Amino acid sequence: SRIGGGIGLIAMNDVAGEGLLTSNSLSAIYSYQLVLGQKLHMRFGLEAQVIQRGIDFSKLRWEDQISATRGFVLPTSESPITHKITSPNFSTGWVVYTENFYAGVAVHNLIEPTQSFYGSEASLPRRYTAHIGSVIPLDKRRHSENSFNPNALFMVQGQFTQLNAGFHIDRGPLVTGVRYRQTFGESVNSDALILLVGFKKDKFKFGYSYDLTVDSKRGAAKGSHEISTTI
């Protein structure tokens, strides 16, 4: 193509803590593709992002609000948060792949944007990611729609380290899979079992996943749902 690759746009809305914290982002992505051999390709990508975060101060609870007999009924002396944070962010990544194999690395939060509502130096640390995977056909057809896809993803961000490993199986347009998430470093933790089901048709993909908490926090954090669509 004239631009030598592809372009993308991602819009995201994330609501956490029963509506307490809201994050919105809009990203523009450009990827450049290079043919290294008859079957080997490389892609390099850049992402420019704008992030906006807001917090519902009325839902926060502070120690000075507690009445010994009535609970959280007193006014707080904490400075209220009435503004939202808007900041730019940039990421980059690289991947090499063949028809049946891929591997790559990525760096997110290159400029480590500020996250604090109070103007302190709290920032979002850079995240380093490496991933590898394979596509193994389940029949002998040249362009099989049935395949077994093992993959692994390793991430480091600040003091936190995480490994996601698993597989998904494609049967025509239907996708099913399972992954396991494990953390290392200062906090070694068997975090979650991730169950996935999805549908794909041409350039359209739809997926649903459920993170089943398997560590000691499962009584308080039983799991989370995620729905995604890609064109």
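Biologist: Leaving aside its neighbours within four places in sequence, which residues is Phe57 in contact with?

Modeller: The model is a predicted one. Setting aside neighbours within four places in sequence, the contacts of Phe57 are Trp62, Thr76, Glu78, Ser79, Pro80, Ile81 and Tyr118.

Biologist: Is Phe57 buried or exposed?

Modeller: The relative accessibility of Phe57 is 15%. A residue counts as buried under 20%. Phe57 therefore counts as buried.

Biologist: Which residues make up the largest nonpolar core?

Modeller: In soluble globular proteins, nonpolar side chains tend to be buried together. In this model, the largest nonpolar core has five residues. They are Phe57, Leu60, Ile81, Ile85 and Phe117.

Biologist: How many aromatic pairs does the structure hold, and what is the angle between the planes of Phe57 and Trp62?

Modeller: The structure holds two aromatic pairs. In the pair formed by Phe57 and Trp62, the centres are 6.1 Å apart. This pair is tilted, and the angle between its planes is 35 degrees.

Biologist: Why is Trp62 described as partly exposed?

Modeller: Partly exposed residues lie between the buried limit of 20% and the exposed limit of 50%. Trp62 falls in that range because its relative accessible area is 23%.

Biologist: What is the centre to centre distance in the aromatic pair of Phe148 and Phe167?

Modeller: Phe148 and Phe167 form a tilted pair, with 40 degrees between the planes. Their distance, centre to centre, is 5.3 Å.

Biologist: Which strands hold Phe148 and Phe167?

Modeller: The two residues are 19 residues apart, and their pair links distant parts of the chain. Phe148 belongs to the strand of residues 146-157 and Phe167 to that of residues 160-171. These strands are S10 and S11, respectively.

Biologist: What is the relative accessible area of Phe148, and what is that of Phe167?

Modeller: Phe148 is partly exposed, with a value of 29%. Phe167 is also partly exposed, and its relative accessible area is 29%.

Biologist: How many helices and strands does the protein chain have?

Modeller: Strands S10 and S11, which hold Phe148 and Phe167, have been named above. For the protein chain, the count is zero helices and 15 strands.

Biologist: What share of the residues in the protein chain is buried?

Modeller: The protein chain has 231 residues, and its C-alpha trace spans about 75 × 40 × 35 Å along the principal axes. The chain exposes about 15,500 Å², of which carbon and sulfur atoms supply 60%. Buried residues, Phe57 being one of them, make up 27%.

Terms used:
Residues numbered from 1 in each chain as written. Predicted model: local features only at pLDDT ≥ 70, side-chain atom pairs only at ≥ 80, totals over all residues. Heavy atoms only, no water. Helix = DSSP H or I, 4+ residues; strand = E, 2+ residues; numbered from the N terminus. Buried < 20%, exposed > 50% of the residue type's maximum accessible area, 1.4 Å probe, protein only. Areas by Shrake-Rupley, 256 points an atom, 1.4 Å probe, with all protein chains shown as cover. Core = buried A, V, L, I, M, F, W, Y, C linked by side-chain atoms within 4.5 Å. Contact = heavy atoms within 4.5 Å. Phe/Tyr/Trp six-rings, centres within 6.5 Å; stacked < 30°, edge-to-face > 60°.
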